[in-house]
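Q: I have a structure open and want to go through it piece by piece. Can you take my questions as they come?

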Amino acid sequence: MDQWKFTPFLHTALKNLFSRPDTVAYPFKPAVYPDRMRGHVVIQIEDCISCGLCARSCPPGALRVDRAAGTWTISRFDCVQCGSCVNACPKKCLAIVPGYTTPDGEKHTETFTRPPKPDAAPAQPKPAAAPAQPKPAAAPEQAQ
Amino acid sequence: MAKQSIVPFGPQHPVLPEPVHLDLVLEDETVVKAVPSIGFVHRGLEKLVELKDFKQYVYIAERVCGICSFGHGLGYCQCVEDIMGVEAPRRAAYLRTIWMEMSRVHSHLLWLGLLADALGFESLFMQSWRLREKILDMFDLTTGGRIIFSVNCIGGVLKDMDSGMLVQISRTVDEIERELRPVADTFLRDVTVGSRLNGLGVLSAEDAKGMGAVGPMLRASGVPYDSRLTGYAAYGDLSVEPITATAGDSMARCEVRIREIYQSFRLIREAIAKIPQGDIAVPVKGNPNGESFMRIEQPRGEAIYYVKANGTKFLDRFRLRTPTTSNIPPMLDLLRGCQLADVALLILTIDPCISCTER
């Protein structure tokens, strides 16, 4: 029994009584996140080309990309912050930044819409766009 | 013969945060038989391999368990790399080794805390988890996550560590090593802790080998077996010696884990000193075709990974044998003949991870 001690923890226990807490007094003091912290995904929607690679690489299927509407939608509740989309993005317009999104009582999605390019705006009223419209309509007629 | 009664243990029990259920057949206070049933946290993660492509599955593999998450990602990636004939760069292998050893420290400190909690030694529990928090901070700094790291990829790792981070890890390891001494001394030398652990649940070396015990459970019975000796990742370049004890009781299992923490500190320092410069990942093209089998030493013991691919981006099969699965038969043997009050402690000494076991 000579190797046994009766109070090996006494020193630590006494020190605890007079030392400051090891925890952070959140929310009175702000939480400090390291630079690499995977908090939530953000998008620089102006640079997005709607290729859809992020949505295809997303393991939980939290992303939806609509190429025609130019939208990028994320379900914050499904996202697991793995960073797969960030690695897959060819334009590097996705990033994971520190800090958590606010908690919520129900599932919701966030949709970002790509603004029209300034040089593409005058292209819309082109007369060539008008005859292009009946074409898709003609295709179903042929099918019938 | 005394009258037998059956006492259900779990799936919700104050000692274990995870759902394991045992039917304990008792004669008075003595356990004569324990019948386990698992399946309370089955999530079908192995089946998911048919729905997610092999690159996406890395993120799912590491979510098998919250403590061994890095090892699961590593084991899966090594299997797929083996099939595709890809070798991760040496720097990536060293980074993987550092993270793996940090995982071992964090897992063993977590276990020490749970053990102290089971003994009713709350202050010791808090001290163990306080030290673990420092390792979690290092994970947060280097990977961006405390528990789920998402740094493994097929062909290497996704994030590098700069010299500042390596120095910081080294300093933290020194700090934890210094602060762990009184905590370890309490576990190994304190009379009250010793009175609960000494001679409890003795597993002989023959029984441990015969029933397929792995990890600290096997080594505490005196069998010097450690999968790290196979030299995966950068372990081939480092000096790994299996930590063993001879008594085979609960105190021996505690001692092995504490000495493994110190061994991990040494391995982290050695890896930091030897880490080469270079790339952290190689590009991977095409789809895997073939099958591979890999064993790695998780903190809880040897885990086995099996991947079968068919040339498409979806794998045919992913199979994982976790250390707890192997340690359940010897645990049932230990429970036979013990007192009811010791059941929780004995279950805890195998360091069960039910989440891994059921996947």
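Q: What share of the 144 residues in chain A is buried?
A: Buried residues come to 15% of the 144 in chain A. Keep in mind that this is a predicted model.

Q: Of the chain A contacts with a separation of 6 or more, what percentage is between residues 24 or more positions apart?
A: That percentage is 69%.

Q: How do E2(A) and E3(A) pair, parallel or antiparallel?
A: Antiparallel, over four bridges. E2(A) covers residues 63-66 and E3(A) covers residues 71-75. Arg64(A) stands opposite Thr73(A), which belongs to E3(A).

Q: What sits between the strands in that hairpin?
A: Four residues lie between E2(A) and E3(A). In this hairpin, Gly70(A) has a positive phi near 70°.

Q: Switching to chain B. Why does the end-to-end distance of H5 agree with its 27 residues?
A: H5(B), residues 163-189, should span 39 Å at 1.5 Å a residue, and its end C-alpha atoms are 38 Å apart, so the two agree.

Q: Where does H5(B) bend, and by how much?
A: The bend is at Leu180(B) and amounts to about 40°. A proline, Pro182(B), follows within four residues.

Q: Which residues of H5(B) are buried, and what do they pack against?
A: The buried ones include Leu180(B), along with Ile169(B), Val173(B), Ile176(B) and Phe187(B). The buried residues of H5(B) pack against helices H3, H4, H6 and H9 of chain B.

Q: Which members of the largest nonpolar core touch the most others?
A: That core has 107 residues, and those touching the most other members are Val58(B), Tyr76(B), Val80(B), Leu95(B), Trp99(B), Met102(B) and Val307(B). H3(B) supplies the largest share of this core, 15 residues.

Q: What is Tyr76(B) in contact with, leaving aside neighbours within four places in sequence?
A: Tyr57(B), Val58(B), Ala61(B), Tyr305(B) and Val307(B).

Q: What does the second core include?
A: This separate core has 13 residues, among them Val41(A), Ile43(A), Ala62(A) and Val86(A).

How values were computed:
Residues are numbered from 1 along each chain as its sequence is written. Chains are lettered from A and ligands numbered from 1 in the order in which they are written. This is a predicted model: local features need pLDDT of at least 70, side-chain atom pairs count only at pLDDT 80 or more; totals for chains, interfaces and linings use all residues. A residue is buried if 20 or more other C-beta atoms lie within 10 Å of its own, exposed if 12 or fewer, and partly exposed in between; C-beta atoms are placed from the backbone. Two residues are in contact if their C-beta atoms, placed from the backbone, lie within 7 Å. Helices (H or I, at least four residues) and strands (E, at least two) are DSSP runs, numbered from the N terminus. The expected span of a helix is 1.5 Å times one less than its number of residues. The bend at a residue is the angle between axes fitted to the seven residues ending there and the seven starting there. A nonpolar core is a set of buried Ala, Val, Leu, Ile, Met, Phe, Trp, Tyr and Cys residues joined through C-beta atoms within 7 Å. Two strands pair if DSSP finds at least two bridges between them.
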